[in-house]
Amino acid sequence: MKGIITVLGKDQVGIIAKVCTYLAEQNVNILDISQTIVQDYFNMMMIVDIAKPAKAFEDLITDLHELGLGIGVEIKLQHEDIFNSMHRI
Amino acid sequence: MISKFEVQETNTMISEMKLDVRTITMGISLMDCGHSDLKIFNQKVYDKITRLAEKLVKTGEDLERQFGIPIINKRISVTPIAIAAGPVETNSYVPIAETLDRAAREVGVNFLGGFSALVQKGYTDSDRMLIDSIPEALAVTERVCSSVNIGSSRSGINMDAVKKMGEIIRQTAELTADRDSLGCSKLVVFCNAVEDNPFMAGAFHGPGEPECEINVGVSGPGVVKRALEEVKDADFETLCETIKRTAFKVTRAGQLVAQEAAKRLGVPFGSIDLSLAPTPAVGDSIAEIFRVMGLEEAGAPGTTAALAILNDNVKKGGVMASSYVGGLSGAFIPVSEDQAMIEAVQRGALTLEKLEAMTCVCSVGLDMIAIPGDTSASTIAGIIADEAAIGMVNNKTTAVRLIPVIGKDVGEIAEFGGLLGYAPVMPVNRFDCAPFVNRGGRVPAPIHSFKN
């Protein structure tokens, strides 16, 4: 099962580091990262493999959301199926 | 692999354009609850609903989090009580409505539909008792919704029931007069009612449906509106294509949620209802779509055409996105639940007569319209007869959900609260139709019903 992580917010040092450290702790493998910064606005998308996470998917969602609140950015984790259904036939 | 653009598009639809799954509705058959003793019947009904729907709300909330898409309502529809309660020996069905209300509260759903009767060709004794119980049932319960089917393209129109429902709507209004006649917002009179509609207040679990199933209603007027803003001056081909593409994506989200919910709850997936259902929130409005299409206000000349285009293309886009499409499937035009419709009424752009014309091409009918509190039962029956005739002749579902607001007159505001919104009281044609309505009997089925 794959998940999509999106991070939106004002750019600062260490956003990716914090997210990646957390994911490594939870045994979540990163498959793809793309990132852009437009006018100091940080916009990142990650595709992650959540086949064998240390915690339940629900808890990962909550943790990442709280991690985002801590550094002032919005972090979302969603099941990839919502995007596959809407954009692929 | 999914691209960043696609992820962004979905998430913008959700966060800025109010894309959501409007309702997950669990249909539950009560056919096996029959018993002559009212207490035992009520206990069986309560036990069955609370057992099957125990995890409905939790499952909805889990899916909401996992996919990151809001699922606004979790609801229940049951076998029309006039059928399920047939064997019960009693002189009122109000205690059954109270039982349904308790069950709905226990499992945490905000509405439960099915305090209903299907009388398109005539009444059973049970139908009669149910209809007589409606005003009190809606006054003493909070979450129970009621509907009565008084006509169909196959059977014609039961004019005795039309007349009766005019009286029932008035009594319901009077019994809830202290709450701006709120009871009437939970009562729908149908022609050609559908058996798997997930939307309230007209949902019930028809006799042809399985033991238990999940039906899902999608929405997304905000998404359609934003997509059309991108093609503002384009021709009708582009307009229609844009609506279709958007409806496709919206429906796919609903299909995913429906299948996943059905799987987790261990019940079959019934169908997706492809409806554009507005809410009172700004930006979640059908009438705002009309503005983007080029009409100054809903009700301006061209509105019926605009609605026909919208309705047809929502269906064309949605049908391919889902394996089973059912329910009402189209654009809803409730007045009180749509901010820009309310504005159109207040500016004098939209009248009851124009709304009636619009119901010839939309998915349902005269919906959530506040009318003066002194409107007579026969006038309400006349309006019901007109809507039923449109449905019967055009082979479509039509409905009437009128609220005669006791103590209020044209221009005053009726407040219903929450998703039901508020509505300005609209004027009604005052010429008499009582001798017509009072004739009684049945209107025979139209000629095109004989298809065999």
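The mean pLDDT of chain A is 91, and 100% of its residues reach 70 or more; pLDDT is the predictor's own confidence in each residue, from 0 to 100. This is a predicted model, in which local features need pLDDT of at least 70 and side-chain atom pairs count only at pLDDT 80 or more, while totals for chains, interfaces and linings use all residues. Residues are numbered from 1 along each chain as its sequence is written, and chains are lettered from A and ligands numbered from 1 in the order in which they are written. Within chain A, confidence is lowest in helix α3 (residues 81–87), at a mean of 90, and highest in β4(A), at 94.

Chain A comes with 3 helices and 4 strands. Helices (H or I, at least four residues) and strands (E, at least two) are DSSP runs, numbered from the N terminus. Starting at that end, the elements of chain A go β-α-β-β-α-β-α. The radius of gyration of chain A is 13 Å, close to the 12 Å that the globule rule gives for 89 residues, so chain A is as compact as a globular protein of that length. Here the radius is taken over C-alpha atoms, and the globule rule is 2.2 Å times the number of residues to the power 0.38. The C-alpha trace of chain A spans about 35 × 30 × 20 Å along its principal axes. Buried residues make up 30% of the 89 in this chain. A residue is buried if 20 or more other C-beta atoms lie within 10 Å of its own, exposed if 12 or fewer, and partly exposed in between, with C-beta atoms placed from the backbone.

Now for helix α2 of chain A (residues 57–71). Its 15 residues reach 22 Å from first C-alpha to last, close to the 21 Å expected at 1.5 Å a residue; that expected span is 1.5 Å times one less than the number of residues. Leu60(A), Ile61(A) and Leu64(A) are the buried residues of α2(A). Seen down the helix axis, they fall within an arc of 105 degrees, so they line one face of α2(A). The arc is that of the directions from the helix axis to the C-beta atoms. Over on the other side of α2(A), Glu58(A), Asp59(A), Glu66(A), Leu69(A) and Gly70(A) are exposed. The cover over the buried residues of α2(A) includes β1 (2–10) and β4 (73–79) of chain A, along with α3 (56–67) of chain B. After α2(A) comes Gly72(A), with a positive phi near 75 degrees.

Where the chains meet, 17 residues of chain B are in contact with 20 residues of chain A; two residues are in contact if their C-beta atoms, placed from the backbone, lie within 7 Å. On the chain B side, the elements giving two or more residues are α1 (4–16), α3 and α9 (236–265).

Chain B has 15 helices and 14 strands. Its radius of gyration is 21 Å, close to the 22 Å given by the globule rule for 452 residues, so chain B is as compact as a globular protein of that length. Of those 452 residues, 60% count as buried. One of them is Cys33(B), with 23 other C-beta atoms within 10 Å. Cys33(B) sits in the loop between β1 (21–28) and α2 (38–52) of chain B. Leaving aside neighbours within four places in sequence, Cys33(B) is in contact with Phe41(B), Lys44(B), Val45(B), Lys48(B) and Ala84(B). Although Cys33(B) and Ala84(B) are 51 residues apart along the chain, their C-alpha atoms are separated by 7.0 Å.
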